[in-house]
Amino acid sequence: MGNNVKALCLALLLLVPVFAWSAESNVSAVIQGGVTMPDDDQWKTFYGDDNYSHAGMTLGWRVMRFFEAGLGIIYASDSGVGQFSVSGQAGGKVLLETYPTTLYGLVRLQFTETQWLVPYLGIGYDKVYYKLAIQDQERRKGSLEGTHVRFGLQLLMDNIDKNAAAGLHDFGIEHVYFVLESTQREAKDDGAGVDLGGTLYSAGFLFQF
Amino acid sequence: MFPAPRYPALLQQANTKSLIFMVKMLGFLALLGLGQSAVAATIQVPDEDNHITTIADALAEANDNDDIVLAPGEYKGPLVIDKKITLRGSETARTVIKAGGDQPMLSIHANDVTIRYLTFDGGETAIDQTDSIRVTIEYNIFVDQNSASIDVIGSSDAQIQYNTFYSNTNAVLLESDQSNLVERNIFARNDVALPALIAGDSNSFDFNCYFNNSQDGGKGENAASGNPMFIDPGNTAQRDFHIQETSACKSEDPGDTVDTSIYFGTYGGNTPDLVPLPAQGVGASLQSADPLAMDVQWQENLSYLVGGYRVYFSLNTAVDDATTDFKDAGDASTVTLVEADGLTKPVAAQPGAVTKLSALISNQRIRLSWAAVDQATGYDIVATNTANADEVHTLSVTNASATISGLTNDQTYSVSVTPYYQASYYIAVRAYDSVNKTQLSALVDGVEKRIIINDAKTLGTAAAVEATPQAIQPYPDLPNEGCYIATAAYGFYSAPQVQVLRDFRDQYLLTNSWGRALVAWYYRTSPPWAAVVKEHAGLRAATRIALLPLLGVAYYLTHLQPWQQVLVLMLLWFTLSGFVRLLGRIRLGSHGE
């Protein structure tokens with residue numbers, strides 16, 4: 001599954017120059033933040049809460065009116081405790097930092113350039129880099145591979161303040177959207193019994209150039 | 001028709017009165033407000049009570065005419081000053097501003113700003129003064145700026161005085177004809193000290209001292225030149241730009257009322273920072289227990305602003321700012337403290353019992369804490385492996401907490417804490433200034449020594465606790481993907497051979513840019529190879545053999561003491577030279593035949 005998604009996303013990226021003519025504005029950047037609800041149901045036991053915050057950005061290329069491919073990176077961290085290896089008691093401070101990088105493809109249901117609400121659906125290949133700082137122990141770092149499915153709504157902001165929108169044109173920004181998104185990420189290593197997957201709820205702004 | 005009721009008129013009258021009253025009150029409050037803003041406030045950095053931890057916090061809080069005072073420490077630019085304020089350090093040499101990127105450390109965009117008693121270390125530009133007038137920059141140190149120490153653009157009537165510029169590309173950049181004054185500074189070892197003065201230039205350069213600059217630029221009037229005799233400018237741990245009595249950077253100044261010999265630079269003039277740098281090279285020893293006498297010595301501070309030294313002493317407790325017992329050593333750098341100076345023979349005391357002893361375990365560590373015991377001057381800690389009585393760890397501390405490290409995980413240790421009384425004197429040396437003799441150098445690490453008066457300890461009642469240090473398993477238990485090939489070859493991550501290679505990586509590769517690049521390349525490219533090695537027993541054995549030389553070098557560098565390293569080198573040398581001789585003999589033998 002992961003390799004297939006990776007291949008599909010790469011193919012979409014490679015097709016960018018071929019279809020670049022087909023859309024009026026081709027490049028977009030999204031800045032977003034939100035919360036991650038980990039799939040792992042023991043998360044709360046060790047981190048005190050069943051969610052943690054994240055922030056990130058993506059760069060997208062609009063291949064055709066309905067298709068977009070892109071790259072993204074997110075930073076997320078959570079601090080909690082570990083457990084002692086023999087007694088199993090909770091103890092020792094732990095700081096987990098993850099940097100999921102993603103290669104994605106989206107279908108945007110946009111029929112006109114001025115459509116005020118654009119739903120979208122996408123899939124992507126993820127490489128979730130991580131760093132674990134453990135009290136009095138060596139740092140760990142590595143990565144897990146994964147995939148994701150995402151769904152979201154993009155609300156065109158241009159009509160809310162036309163003057164501001166016109167001002168942004170001077171900076172090459174054609175449209176600004178407010179974005180609400182939900183992402184379901186799978187990133188686990190069954191052999192090692194670890195899971196960095198979860199559901200991400202994000203909000204942010206999309207700038208279309 | 002009913003007559004109009006009277007109350008609206010009354011109400012109207014009342015409202016008018018209320019309105020007048022409110023206007024008066026507002027006017028009064030406004031006056032109060034104006035009054036408040038006219039009174040200069042002093043903002044300390046840091047000031048935890050007011051949530052000010054950085055200069056930027058203080059600048060945001062400050063109003064016009066406020067005074068921002070920085071405690072000794074290291075601060076980061078870039079910072080923007082757009083208010084009429086004074087920014088000053090409390091000790092010039094120990095209040096250091098460093099660059100946080102290529103931008104100027106300080107950008108000044110306001111009039112009547114004063115910057116003083118600060119050290120600007122490194123970076124591209126220290127101070128960028130743009131479109132502002134009457135800015136005073138004085139008694140600062142500027143060192144190692146790659147572009148310019150002070151860049152004055154579109155500004156006039158700046159006073160740049162009593163600063164030291166050392167080893168900068170450009171010390172001061174000025175536009176011509178802006179009526180800026182540059183006087184009584186020291187320019188040493190800069191590429192360019194000052195711009196050339198052109199005909200009709202209204203900038204004024206006066207009484208500056210120049211030494212070993214590639215270009216002095218427009219020297220101006222009354223210039224001096226020669227070695228300023230800085231004390232230790234090259235010591236990056238603590239640069240010392242104080243000047244010595246023999247400095248060439250001084251002149252006769254008839255306007256001065258304090259001293260006819262006026263020095264230039266940061267430590268010249270009438271209002272330099274007078275706090276001496278902390279004493280260095282402090283040593284102390286017990287000369288005699290009865291009568292009590294102790295010898296104390298330290299390194300002489302060569303600054304002309306140092307008037308002498310005080311040797312503080314305190315029985316059983318560390319010297320702090322409240323300690324009042326001291327002996328004035330004058331300008332000597334050694335002194336013997338005797339009972340006549342105030343030393344008192346300690347009286348034996350019996351400490352009580354340790355209570356509230358608790359142990360927190362961690363990876364190869366046990367952290368202990370307990371209630372401080374009356375009369376105890378220290379605590380002996382002994383941790384014994386209950387399964388192996390030969391493994392004993394000992395520690396002595398003076399506070400009521402300790403961490404024992406280097407323990408074996410999953411082994412239970414019996415840990416005892418014994419309080420003791422052992423009389424000792426704490427001795428600290430503080431230099432004082434030559435002007436008022438009241439400005440004392442700071443109490444920092446190294447200026448205080450502890451002298452034990454009597455080796456015998458009076459023991460109190462011990463307490464004991466058992467604890468088992470354990471490794472911490474994080475959640476999720478994500479693996480560390482370091483040393484891929486070695487891990488594959490030796491079979492498991494915690495193999496001692498893999499640990500040796502990790503130690504080598506941490507100590508010799510990750511400490512330099514080339515090594516980090518090599519490690520990054522290895523981590524990028526090795527996982528596929530590691531996967532192949534892991535799958536084939538023959539390859540695992542071959543890899544282990546191939547890794548042996550690297551393992552040997554890594555072990556040699558990371559795990560052997562210096563004497564062991566020398567011994568191994570000698571053995572290698574003897575073996576190799578013996579081998580070469582043997583080869584030579586074999587060749588000679590074959591030729592002889």
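Predicted model: local features only at pLDDT ≥ 70, side-chain atom pairs only at ≥ 80, totals over all residues.
The contact between the two chains draws on 26 residues from chain A and 18 residues from chain B. On the chain A side, at least two residues each come from strand S3 (67-84), strand S4 (90-108), strand S5 (117-134), strand S6 (140-156) and strand S9 (194-195). Sorted by class, this side of chain A holds ten nonpolar, ten polar and six charged residues. Strand pairing also crosses from one chain to the other: S3(A) is joined by two bridges to strand S41 (residues 472-473) of chain B, and the two strands run antiparallel. In this pairing, Gln83(A) lies opposite Gln473(B) of S41(B).

Within chain A, strand S10 (residues 198-208) is paired with strand S1 (residues 27-38) through eleven bridges, in an antiparallel arrangement. The residue of S10(A) that stands opposite Thr36(A) is Leu200(A). S10(A) is also joined by eleven bridges to strand S7 (residues 175-186) of chain A, and this pair is again antiparallel. Here His175(A) has Gln208(A) of S10(A) as its bridge partner. In general, strands of a sheet pair through backbone hydrogen bonds, and they may do so in parallel or antiparallel fashion.

Chain B contains seven helices and 41 strands. Of its 593 residues, 34% are buried. When contacts in chain B between residues at least 6 apart in sequence are considered, 53% of them connect residues at least 24 apart.

One open sheet of chain B consists of five strands with parallel pairing, in the order S4-S7-S10-S13-S16. Strand S4 (79-81) and strand S16 (170-173) of chain B are the edge strands; each has a single partner strand, so one side of each has no neighbour in the sheet. From one strand to the next, the twist averages 15°. Val80(B) has Ser107(B), in S7(B), as its bridge partner.

Two helices of chain B also meet. The axes of helix H4 (residues 496-509) and helix H6 (residues 537-559) of chain B come within 9 Å and cross at roughly 60°. H4(B) and H6(B) are therefore oblique to each other. The crossing of H4(B) past H6(B) is left-handed. H4(B) contributes Gln497(B), Val500(B), Leu501(B), Asp503(B), Phe504(B), Gln507(B) and Tyr508(B) to the contact, while H6(B) contributes Leu551(B), Ala554(B), Tyr555(B), Leu557(B), Thr558(B) and His559(B). By class, the residues of this contact between H4(B) and H6(B) comprise eight nonpolar, four polar and one charged.

Leu302(B) lies in the loop that links strand S27 (292-297) and strand S28 (306-315) of chain B. This residue has 16 other C-beta atoms within 10 Å and is therefore partly exposed, as a buried residue would need 20 or more and an exposed one 12 or fewer. Apart from neighbours within four places in sequence, Leu302(B) is in contact with Ile231(B) and Gln244(B). The C-alpha atoms of Leu302(B) and Glu245(B) are separated by 7.9 Å, although these residues are 57 residues apart along the chain.

Terms used: Residues numbered from 1 in each chain as written. Chains lettered and ligands numbered in written order. Contact = placed C-beta atoms within 7 Å. Helix = DSSP H or I, 4+ residues; strand = E, 2+ residues; numbered from the N terminus. Nonpolar A, V, L, I, M, F, W, Y, C, P; charged D, E, K, R; others polar. Pairing = 2+ DSSP bridges. Axes fitted to C-alpha atoms, helices over the stretch in contact; angles between N-to-C directions. Parallel < 35°, antiparallel > 145°, perpendicular 65-115°, else oblique. Left-handed = near helix turned anticlockwise from the far one by under 90°.
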